[in-house]
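Subject: Handover of a two-chain model

Dear colleague,

Please find the structure below, followed by an account of what was found in it.

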Amino acid sequence: MQYRASTLLPARQPPLQNTRVMQWAKQNLWGTSVSAVTTALLVLILLWSIPSLLEWSVVHAVFSANADQCQAARDIGACWGVVAEKYRVILFGRYPFDAQWRPLLATLVLTLLLVASCLPVFWNRYLAVAWASIWLFFFVLMGGGKWLGIPTGLVYIPTDQWGGLPLTMMLATLSITLAFPLAILVALGRQSTMPAVRSVCIVYVELVRGVPLISVLFMASFMLPLLLPTGTSPDVLIRVLVGITLFSAAYTAEIVRGGLQAIPRGQVEAAYTLGLGYWQTQRQVVLPQALAHVVPSLMNNFIAIFKDTSLVTIVSLYELTGALGLAVSGDPNWRPFKLEAYLFITLIYFCICFAMSRYSLWVERQVSHR
Amino acid sequence: MLNWRSQRVRAWVYQIAFIAVLIALVGWLLHNTLGNMRMRGIQSGFDFLLDPAGFDISESMFAFMSTQTYGQAFLVGLLNTLRVSCIAIVICTLWGTLLGIGRLSNNALARGLCYAYTEVFRNIPLLLQLLMWYVVLVELMPDTETPLYFGDWVLLSKEGLALPWIMSEGLTLSPEFLALTWGLTLYTSAFVAEVVRSGIQSVPIGQIEAALSIGLSPWQRLRLVVLPQALRLIVPPLTNQYLNAIKNSSLAVAIGYPDLVSISNTTLNQTGRAVECIAIVMAVYLTLSLLTASAMNYFNRRAALKER
């Protein structure tokens, strides 16, 4: 007797049921009665809102820079013409029209390096060198004139004429770059066993985190000239940079401290056993591990600072939000279409911030897989 | 003995050096400040708080006239800040919780919409959102003579939101107040939703399966099993969001709502007492932060795990 099949049975099909669209829809759209009612309600709301939204933003909208057409379509359609007419001022502020290739080039190079810094492949010491040279390049290109006595061949543009997207990018990136070393020192100070150092760091962090950025900015713009020696009055851009840097350093320090706390004591003890000193231990053992832990939080912090740079318009610097006011508020023809212009820069902010938050999620997965 | 190889001796030396540098720095800044103030003829001291303010405030919770003092103007600003923050905190807690639960719903449409909401509102600067709501309220709304009616109880126009049935003379909410409260609430809700979602997701799936197996209804499951455990992880970051909401209410200055920062700004421009005005604002926000944090800590102790 043979209890063994003489031929190989054909492989059975995988259960298709679970992958079918209808099956998915049934589970996710009308699985239970509550779910079905929710779906019906939401579909009704979407059916009611999406067509009228499309009608306003596409069907009846005016895309050409024609103020009369926009005026005619006023209540029924959007006027994207305001963007077509004013995008140069919105993106570059009061920067002289003929020289706007300079901020464009500077922003492109800065963006490129920012993207490169996000890829783990480039995380090495040359990145720091690249950042240092990019800042030199950025300021020489934007400012022009004489740099350290050497003429650059470019027309000098004072900082009060800088504006728009380049200013937003620069404020966010440079203040984070400057805040980072300070934040690491403060975080280490807060973990220190020396009570004097620890309490000063705690007071700094809690004081700054307790007040809104806007009051820090007011303080920087009104009080910095008072605090410095008589007769010196730093540029508004520098005052604001100092304010944002001190502000973001306090938040970054708390994030770094979180990373430091996650490092087991054994790591430090092992480093001391090997005969490493305090700074060697921190630099070679603790910080590399701690910072790798907190990359996603650091990224979220960067998004927050990027959004917060919009506040500098209140202390009269014309970054993206401020430049928009500059472009539209003074022009009676286009003033009524401020909302469309706002939606345009909203899109810019959203794209940048959303990309960064997706990146932060990606890094989080990378870190946890390691 | 003073031995450089002793860790204790070194710690002392470092700390004394650190404090000395700090005192020198503060002293230098103070010296500069006093010198600058003398040169510009700026007076110092808090006595200006008793002088008449000389400016009007568009909205106030008690009657305020320009003959009243700067001190009272600051009080008006504080109350206005508190009014906006309290309303925003209450509504964003409810709306954010709903959105956070919605993101975990078994209905795909609800899930997607809640996700879209949180991503859109989190990734746009609050200032920009406030400016947009303000434009919508003051420029796109109909004139006062032809308001939008919602039933007969609520009227919306360029002048704001009127509720004629409250008390005898009715209640009008200014567009500045509406834009600030509305924008702040929608923005903070997106963050609260994320906090609630990650709190709920941190409850182990076994807990929910156990609740299912003993036959609890969905509502009982949420109230008796999921929420008590999720709250432990929700409360601390939620506190941070509340503190952010209070601090963010200072963006009022951009749309002309007379909150504390905006009153202090006007005062600063009129009296030139920068140091005092900024000190008052910082002290008030620090106090508010500490009060909120300690109230939430009390709540957190009650929500925390009670171990035997």
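**Strands of chain B**

In chain B, strand β2 (residues 154-157) pairs with strand β3 (residues 160-163) in the antiparallel sense over 3 bridges. Helices (H or I, at least four residues) and strands (E, at least two) are DSSP runs numbered from the N terminus, and two strands count as paired if DSSP finds at least two bridges between them. A hairpin of 2 residues joins β2(B) to β3(B), and B:Leu156 has B:Leu161 of β3(B) as its bridge partner. β3(B) also pairs with strand β4 (residues 171-173) of chain B, again antiparallel and over 3 bridges; here B:Ala162 has B:Thr172 of β4(B) as its bridge partner.

**Basis of the model**

The model is predicted: local features need pLDDT of at least 70 and side-chain atom pairs count only at pLDDT 80 or more, while totals for chains, interfaces and linings use all residues. Residues are numbered from 1 along each chain as its sequence is written, with chains lettered from A and ligands numbered from 1 in the order in which they are written.

**Domains**

Domain bounds come from an automatic or database domain assignment. For chain A, this assignment gives domain 1 (81-95 + 157-369) and domain 2 (101-156). Their centres, taken over C-alpha atoms, are separated by 18 Å. Contact (C-beta atoms, placed from the backbone, within 7 Å) links 13 residues of domain 1 of chain A with 15 residues of domain 2 of chain A. On the domain 1 side, α7 (164-191) and α15 (338-369) of chain A are the elements that give two or more residues, and α7(A) gives the most, with 7 residues. That side divides into 10 nonpolar, 3 polar and no charged residues. In this division Ala, Val, Leu, Ile, Met, Phe, Trp, Tyr, Cys and Pro count as nonpolar, Asp, Glu, Lys and Arg as charged, and the others, Gly among them, as polar.

Chain B is divided into domain 1 (1-40) and domain 2 (42-124 + 179-303), with 38 Å between their centres over C-alpha atoms.

**Contact between the chains**

Between the chains, 46 residues of chain B are in contact with 40 residues of chain A. On the chain B side, the elements giving two or more residues include α1 (7-40), α7 (218-248) and α10 (274-303); α1(B) gives the most, with 13 residues. The residues of this side divide into 33 nonpolar, 11 polar and 2 charged.

**Buried and exposed residues**

A residue is buried if 20 or more other C-beta atoms, placed from the backbone, lie within 10 Å of its own, exposed if 12 or fewer, and partly exposed in between. In α8(A), the buried residues are A:Val197, A:Cys201, A:Val205 and A:Gly210. Their cover includes α7 and α10 (236-261) of chain A together with α1 and α10 of chain B.

A:Ser316, by contrast, counts as exposed because it has 11 C-beta neighbours inside 10 Å. A:Ser316 lies in the loop between α13 (295-308) and α14 (320-328) of chain A, and its phi is near 55°, a positive value in a residue other than glycine.

Yours sincerely

Notes: Two residues are in contact if their C-beta atoms, placed from the backbone, lie within 7 Å.
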